[in-house]
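Please examine the structure shown below together with its sequence. The report that accompanies them is written for a reader who is new to protein structure.

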Amino acid sequence: MDVVEVLMTEHTTIRNISGNLMIDSDSSDFQLFFEYLKKCHIEIEEKVFVPVMKQVYNGENADLIKNIDRIMADHKLLETLATNIIKWKNEENSEILKNRVPMFFRLLQDHNNSEEDSLFTYWKNIESDVKKNTVTEVGNIIESFGLTAYSRVTGISRDFFSYVFR
């Protein structure tokens, strides 16, 4: 398994989670999801996937590099919105949450679809040795986040993790 396969597996999990973490969810559930998103999923994209893509394609494909930069900007937007959602949940501001929580998940879904359509397809052309070198880094990021929390958020078991990364 390589970095894009992990990210696409996580995207599938995120699609399933989106329907369950709506307005009436406990704020700690949304907060854990956001921590996973920021410290694990986005970390994998920004620290493993993007550097390899920029190294391999820099100078060859200006549109791809523009798409990468746009995706990175989306991460900041998602972080800002999630931080505000947590604040609004803690303030019990349900009126604003009715619009913002679904907006967050729509934006996240559009973002993930965009990654799959405009970035991940390029990964197929990268040499297998380069792909293999990403696996350890991905495993380390997931372990740093915490396997118990990762399992709780994604539903991906420790056995799956061990099989793929160790």
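**Confidence**

The model is a predicted one. Its chain has an average pLDDT of 90, and 95% of the residues reach a score of at least 70. Within the chain, the mean confidence is highest in α5, at 94, and lowest in α8, at 86. Where pLDDT is low, predicted coordinates should not be read in detail.

In soluble globular proteins, nonpolar side chains tend to be buried together. Here the largest nonpolar core comprises 52 residues, and V3, F33, Y36, F49, F104 and I142 have the most contacts inside it. At least two residues of this core come from each of α1, α2 (27-57), α3 (62-90), α4 (94-118), α5 (120-123), α6 (128-145), α7 (147-154) and α8. The greatest contribution is that of α2, which supplies 15 residues.

Two of the residues with the most contacts in the core may be considered in turn: F33 and F49. F33 is located in helix α2. Its relative accessibility is 1%, and F33 therefore counts as buried, since the cut-off for that class is under 20%. F33 and V153 are 120 residues apart along the chain, yet their C-alpha atoms are separated by 6.2 Å. For F49, the contacts beyond its neighbours within four places in sequence are V3, V4, L7, I44, L119, F120 and W123.

Is A82 buried or exposed? A82 belongs to helix α3, and it counts as buried because its relative accessibility is 0%. When neighbours within four places in sequence are set aside, A82 is in contact with F30, F34 and F104. Of these, F104 is also named among the core residues with the most contacts. The C-alpha atom of A82 is 8.2 Å from that of Q31, although 51 residues along the chain lie between the two positions when counted as a separation.

**Exposed residues**

D63 is likewise placed in helix α3, but D63 is exposed, because its relative accessible area is 51% and the cut-off for exposure is over 50%. E92, in the loop between α3 and α4, is also exposed, with a relative accessible area of 69%. The phi angle of E92 is near 55°, a positive value in a residue that is not glycine.

**Pairs apart in sequence**

| Pair | Separation in sequence | C-alpha to C-alpha distance |
|---|---|---|
| F33 and V153 | 120 residues | 6.2 Å |
| A82 and Q31 | 51 residues | 8.2 Å |
| D63 and S118 | 55 residues | 9.5 Å |

**The cavity**

How many cavities of 30 Å³ or more does the structure hold? There is one cavity of that kind, and the space in the largest cavity amounts to about 50 Å³. Its lining is formed by M1, V6, T9, E10, I142, Y150, I156, F160, F161 and F165. By type, the lining residues divide into eight nonpolar, one polar and one charged. I142, one of the lining residues, is also among those with the most contacts inside the largest nonpolar core.

Terms used:
Residues are numbered from 1 along each chain as its sequence is written. This is a predicted model: local features need pLDDT of at least 70, side-chain atom pairs count only at pLDDT 80 or more; totals for chains, interfaces and linings use all residues. Side-chain values use heavy atoms; hydrogens and water are left out. On a 1 Å grid over the protein atoms alone, a cavity is a set of points where a 1.4 Å probe fits but cannot get out, and a pocket is an open set with protein on both sides within 12 Å along at least five of seven lines; lining residues have an atom within 4 Å of a point. Grid points are joined across faces, edges and corners, and a volume is the space filled by probe spheres set on the points. Ala, Val, Leu, Ile, Met, Phe, Trp, Tyr, Cys and Pro count as nonpolar, Asp, Glu, Lys and Arg as charged, and the others, Gly among them, as polar. A nonpolar core is a set of buried Ala, Val, Leu, Ile, Met, Phe, Trp, Tyr and Cys residues joined through side-chain atoms within 4.5 Å. Buried means under 20% relative accessible area, exposed over 50%, partly exposed in between (1.4 Å probe, protein chains only). Helices (H or I, at least four residues) and strands (E, at least two) are DSSP runs, numbered from the N terminus. Contact means heavy atoms within 4.5 Å. pLDDT is the predictor's confidence in each residue, from 0 to 100.
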